[in-house]
Amino acid sequence: MIYYLGLIGIAAFSITGVIAAGKKDMDIFSIILLGVVTALGGGTLRDIILDTSPVFWIADLCYIWVSIIASVLTFFLVRHVGHVLRLLLFIDAFGLSLFTVLATEKTIDLGFSNPVAVLMGVVTGIAGGMIRDILAGRMPLLLGKEFYATPALLGAILFTLLGYYFPLHDFNRLYAIGVIFILRASAIQWGLYYPRWLTYREKK
Amino acid sequence: MIYYLGLIGIAAFSITGVIAAGKKDMDIFSIILLGVVTALGGGTLRDIILDTSPVFWIADLCYIWVSIIASVLTFFLVRHVGHVLRLLLFIDAFGLSLFTVLATEKTIDLGFSNPVAVLMGVVTGIAGGMIRDILAGRMPLLLGKEFYATPALLGAILFTLLGYYFPLHDFNRLYAIGVIFILRASAIQWGLYYPRWLTYREKK
Amino acid sequence: MIYYLGLIGIAAFSITGVIAAGKKDMDIFSIILLGVVTALGGGTLRDIILDTSPVFWIADLCYIWVSIIASVLTFFLVRHVGHVLRLLLFIDAFGLSLFTVLATEKTIDLGFSNPVAVLMGVVTGIAGGMIRDILAGRMPLLLGKEFYATPALLGAILFTLLGYYFPLHDFNRLYAIGVIFILRASAIQWGLYYPRWLTYREKK
């Protein structure tokens with residue numbers, strides 16, 4: 001089931017890559033590249049930093065194919081859909097939740113310590129989106145005012161704590177994914193911010 | 001001969017790095033860095049993802065020296081040359097052709113499957129230029145309307161097909177390089193685009 | 001002592017990451033991420049390219065903690081401080097000096113040749129700052145008119161020469177760090193540029 005969750009996450013991030021970075025008149029192959037890079041970028045960075053070889057999409061070509069198919073479908077379907085920005089944010093939240101938790105788990109399974117696992121979870125969750133935003137020349141979503149990386153952090157910490165105290169519990173993964181998604185979705189829906197004293201301000 | 005082709009590709013990409021990313025008053029060492037990063041970036045990414053160690057320019061310092069020398073020559077010669085943008089596009093097309101095919105071949109030689117080889121060929125071919133464009137704060141060439149990544153894709157696929165059906169044929173490499181260069185050069189010369197239905201458009 | 005120098009360099013780069021990339025209303029966790037990525041980015045790239053596994057901040061979690069603490073302190077203290085840009089440049093110069101020399105040394109200790117060590121020293125020194133500037137959507141410091149990468153290059157060359165001629169001398173490291181810092185600080189203070197013929201200019 002983890003495996004299929006992973007593929008769904010790949011599809012979700014491919015969709016956001018196409019919609020967020022796609023620009024008018026860009027050709028279909030460039031669009032596919034944007035989708036693929038967004039979807040595979042975070043996990044590739046994780047595998048490179050952890051030096052697990054080969055990276056996940058070389059070991060199993062399914063990831064690439066799912067990403068390509070999702071990108072192509074998005075390419076054609078987006079013409080028939082009206083306002084997608086809001087939907088896009090929720091799909092992105094879904095990809096963020098899945099990737100953060102799966103990467104945290106993979107890092108623990110590879111024998112690294114919990115702090116490293118939390119960090120790699122967050123990095124994997126947000127890196128694909130940051131690469132997408134850099135390629136698109138946009139301000140990274142991460143750097144806005146709303147909660148973005150924070151839900152990933154809390155979910156990754158929750159997952160490592162659950163794994164420590166209830167190692168045999170099968171639903172740890174789902175709890176953590178759910179917490180990240182609900183926190184991020186709430187942030188989108190109600191514009192959750194940090195309190196003012198926890199936001200950056202320079203002296204005038 | 002592959003080896004010298006590789007060095008020529010390095011020189012070509014160094015030249016494009018200097019001309020495309022160089023800005024007035026930038027010092028010579030920053031210029032060299034731009035040239036070197038553009039020329040070595042794609043292959044470095046390939047070697048890191050495939051986990052071949054050491055990366056090619058550590059194993060053989062010639063690549064760095066060729067890149068430095070090409071960058072320095074460009075630095076001085078560009079003052080005496082008028083419109084270079086058009087020439088630049090053709091040099092870039094040449095580097096793209098060489099790098100895509102050589103990376104596809106290297107990936108196959110390392111024992112990876114053909115789809116991975118095609119993907120790594122395309123990634124290696126376009127990554128250096130994308131890094132250059134990000135450093136220069138420009139819209140990546142890749143993301144324009146003209147054919148850019150597509151010739152690399154077609155050439156890489158052709159090369160793997162040729163390798164499959166005519167494994168002993170010595171000129172496979174040249175055919176594939178030629179196809180990429182001709183396709184890309186045609187795109188520059190006559191502004192080849194994808195048909196309208198294969199370009200990105202959102203619903204109004 | 002090298003170890004503590006490294007930690008000081010990490011703290012210095014975390015501070016510059018927060019101040020240079022921090023934008024009004026950004027939340028504290030995004031700020032910490034910017035600080036951490038700036039501080040650890042250069043060394044991570046070095047370890048990935050040299051394929052030393054695990055990367056330094058996985059092998060020793062102190063680096064991450066120092067970076068987080070420095071980022072949090074900067075986050076709160078920057079509200080009470082007036083003009084920081086100038087101070088920031090000097091802190092950045094300090095991080096640049098430390099990272100360049102320590103990375104050059106580490107590369108030599110790993111058995112690579114001197115030219116590779118010089119290159120990796122420069123890359124490690126400047127990469128964190130370039131990542132920071134790309135994330136912040138700013139023109140990289142590197143690409144301005146003033147000396148930036150050049151002091152790192154000269155210091156790294158000096159360090160390898162000292163190591164070659166005086167292999168047993170304990171202060172080689174400090175000499176090289178001092179030379180980089182003084183050159184870069186002079187460049188900031190007096191606006192040192194390359195002579196005009198060594199700066200980039202195209203033909204009109």
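This passage looks at how two helices pack within chain A and how three chains, A, B and C, are arranged around one another. The structure is a predicted model, in which local features need pLDDT of at least 70, side-chain atom pairs count only at pLDDT 80 or more, and totals for chains, interfaces and linings use all residues. Residues are numbered from 1 along each chain as its sequence is written, while chains are lettered from A and ligands numbered from 1 in the order in which they are written.

Two packed helices are described by the angle between their axes and the distance between the axes. Helices here are DSSP runs of H or I with at least four residues, numbered from the N terminus. The axes of α2 (residues 28–49) and α6 (residues 114–135) of chain A come within 8 Å and cross at roughly 140°; each axis is a line fitted to C-alpha atoms over the stretch in contact, and angles run from 0 to 180 degrees between N-to-C directions. The two helices are therefore oblique to each other, the class left over once angles under 35 degrees (roughly parallel), over 145 (roughly antiparallel) and 65 to 115 (roughly perpendicular) are set aside. The crossing of α2(A) and α6(A) is right-handed, that is, the near helix is turned clockwise from the far one by less than a right angle.

Residues of α2(A), including A:L34, A:G42 and A:R46, meet residues of α6(A), including A:M120, A:G128 and A:R132, with contact taken as C-beta atoms, placed from the backbone, within 7 Å. The residues of this contact divide into 10 nonpolar, 8 polar and 2 charged; Ala, Val, Leu, Ile, Met, Phe, Trp, Tyr, Cys and Pro count as nonpolar, Asp, Glu, Lys and Arg as charged, and the others, Gly among them, as polar.

Between chains, 23 residues of chain C are in contact with 28 residues of chain B. On the chain C side, α2 (28–49), α6 (114–135) and α7 (149–165) each supply at least two residues, and the largest share, 4 residues, comes from α6(C). By class, this side has 16 nonpolar, 2 polar and 5 charged residues.

A rotation of 120° with 0.0 Å of shift along its axis superposes chain C on chain B, with an RMSD of 0.0 Å, by least squares on the C-alpha atoms of residues with pLDDT of at least 70 in both. The two copies are thus related as by a three-fold rotation axis. Of the residues of chain C, C:I48 comes closest to this axis, its C-alpha at 4.1 Å. Only 9% of the interface residues of chain C are also interface residues in chain B, so the copies meet through different surfaces.

Conventions
Two residues are in contact if their C-beta atoms, placed from the backbone, lie within 7 Å.
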